[in-house]
Amino acid sequence: MSDLGSEELEEEGENNLGEYEGDRNEAGERHGHGKARLPNGDTYEGSYEHGKRHGQGVYRFKNGARYTGEYARNKKHGQGTFIYPDGSRYEGEWANDQRHGHGVYYYVNNDTYTGEWFAHQRHGQGTYVYTETGSKYVGTWVNGQQEGAAELIHLNHRYQGKFVNKNPIGPGKYVFDIGCEQHGEYHLTDVERGEEEEEEETLLNVIPKWKATKITELALWTPTLTEEQPPADGPGPEEAPAVEGGGEPVEEALPLMDLSEGEMDFLRPGEEDADTFREEIHEDGQEDLHDDPTDQENMDYEDEIRQLDSLE
């Protein structure tokens, strides 16, 4: 997406000094506050230290991009905001000229990713919000891709399971607001290709296929209270300190991709058959909640997503 191509932007190096107006030290180096117009047409205004951008500054690219934030020895380092030529922007932490730490990326289509970054890629806990549908992926990222335990949250239901390379895989469950859960498993299936496509040496496309196994009542979590023990003689063990801003469970990962268009397809279900699944549940009755439905074993993944997301 936008942030991938935008990073081809490179700031003018320290050897291309251009025009400068500002403070200098005894050695004649740029030192303190100054303004510079570089030979490539870029401009910089901010702090210098021993001839290098260091501290707070604003770097404007001739193509309209702009970085406002902290520098360390000519590198973006610390807190900063980068606005890309297409209007998307990143606000957060930088290290050695790369997005690194915690940050928020605002995409040109108004989607957002909020979470952890490592070496310029989404990596760790993060949440991607799809503005068009209101859906969001909350969970683990590895090298820019959805991978690991996560929740895919829609308007009136959610999927909980494991993702690998952007696709759900293995055991999981759908949790519905109407008070039930559908358990099952995702398998990756090769996409059928035509004869011409088969002749070409291309990578195989796979789609996740959902196989339902059972429907159960909604499992409500309740804390287990232990009986209070009388204090022992002498000092007891130290109380574990409260975690402040510690490890982020799935729900706390909301502070959320720069997704490709292909990734958007899986997370944007349709709006047909609004009451189909709800009617099946009520017709079967409460006693059938534990039966194994067989009519959904070969349900196509995309059809299943359209059906589930349309529940009211």
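Reader: Is Asn143 buried, partly exposed or exposed, and at what relative accessibility?

Author: This is a predicted model, and within it Asn143 sits in the loop between strand 11 (136–142) and strand 12. Buried means under 20% relative accessible area and exposed over 50%. Asn143 therefore counts as partly exposed, its relative accessibility being 46%.

Reader: What is the phi of Asn143?

Author: Most residues other than glycine have a negative phi. Asn143 is a residue other than glycine, yet its phi is positive, with a value near 50 degrees.

Reader: Where is Ala119 found, and what is its relative accessibility?

Author: Ala119 is not a glycine either, although its phi is positive at about 50 degrees. Its place is the loop between strand 9 (112–118) and strand 10 (121–129). Ala119 counts as partly exposed because its relative accessibility is 33%.

Reader: How far is the C-alpha atom of Trp94 from that of Ala119?

Author: Trp94 belongs to strand 7 (residues 89–95), and Trp94 counts as buried because its relative accessibility is 3%. Along the chain Trp94 and Ala119 are 25 residues apart, and the separation of their C-alpha atoms is 9.1 Å.

Reader: Which backbone oxygen does the side chain of Trp94 reach?

Author: Not counting residues up to four places away in sequence, Trp94 touches a set of residues that includes Lys76, Gly80, Phe82, Arg99 and His120. From within strand 7, the side chain of Trp94 comes to 3.2 Å from a backbone oxygen, that of Gly80.

Reader: How many salt bridges does the count come to?

Author: One of them joins the side chains of Glu181 and Lys173 at 3.3 Å, N to O, and Glu181 is buried, with a relative accessible area of 3%. Another is formed by Arg158 with Glu151. The count of salt bridges comes to 4.

Reader: Which residues make polar contacts with the side chain of Glu151?

Author: Glu151 is placed in strand 12 (residues 145–153), and Glu151 is buried because its relative accessible area is 7%. Arg158, in contrast, counts as partly exposed at 27% relative accessibility. The side chain of Glu151 is joined by a polar contact of 3.3 Å to that of Arg158, and by one of 2.6 Å to that of Gln160.

Reader: In the largest nonpolar core, which residues touch the most other members?

Author: In soluble globular proteins, nonpolar side chains tend to be buried together. Here the largest nonpolar core holds 33 residues, and those that touch the most other members are Phe82 and Tyr159. Strand 16 (residues 206–217) gives the most to this core, with 3 residues. Leaving aside neighbours within four places in sequence, the contacts of Tyr159 include Leu152, Pro168, Tyr186 and Trp210, and the two names asked for are Phe82 and Tyr159.

Reader: What is the angle between the planes of Tyr44 and Tyr71?

Author: The structure holds 28 aromatic pairs. In one of them Tyr44, in strand 3 (residues 43–49), is paired with Tyr71, in strand 5 (residues 66–72), so the pair ties together parts that are 27 residues apart in sequence. Both Tyr44 and Tyr71 are buried. Their pair is edge-to-face, with 5.5 Å from centre to centre and an angle between the planes of 90 degrees.

Reader: Why is the pair of Tyr128 and Tyr130 tilted?

Author: Tyr128 and Tyr130 are both buried, and the centres of their rings are 4.7 Å apart. Planes under 30 degrees apart count as stacked and those over 60 as edge-to-face. The pair is tilted because the planes of Tyr128 and Tyr130 are at 55 degrees.

Note on methods:
Residues numbered from 1 in each chain as written. Predicted model: local features only at pLDDT ≥ 70, side-chain atom pairs only at ≥ 80, totals over all residues. Heavy atoms only, no water. Helix = DSSP H or I, 4+ residues; strand = E, 2+ residues; numbered from the N terminus. Buried < 20%, exposed > 50% of the residue type's maximum accessible area, 1.4 Å probe, protein only. Contact = heavy atoms within 4.5 Å. Polar contact = N/O pair within 3.5 Å; in protein donor to acceptor, adjacent residues only side chain to side chain. Core = buried A, V, L, I, M, F, W, Y, C linked by side-chain atoms within 4.5 Å. Phe/Tyr/Trp six-rings, centres within 6.5 Å; stacked < 30°, edge-to-face > 60°.
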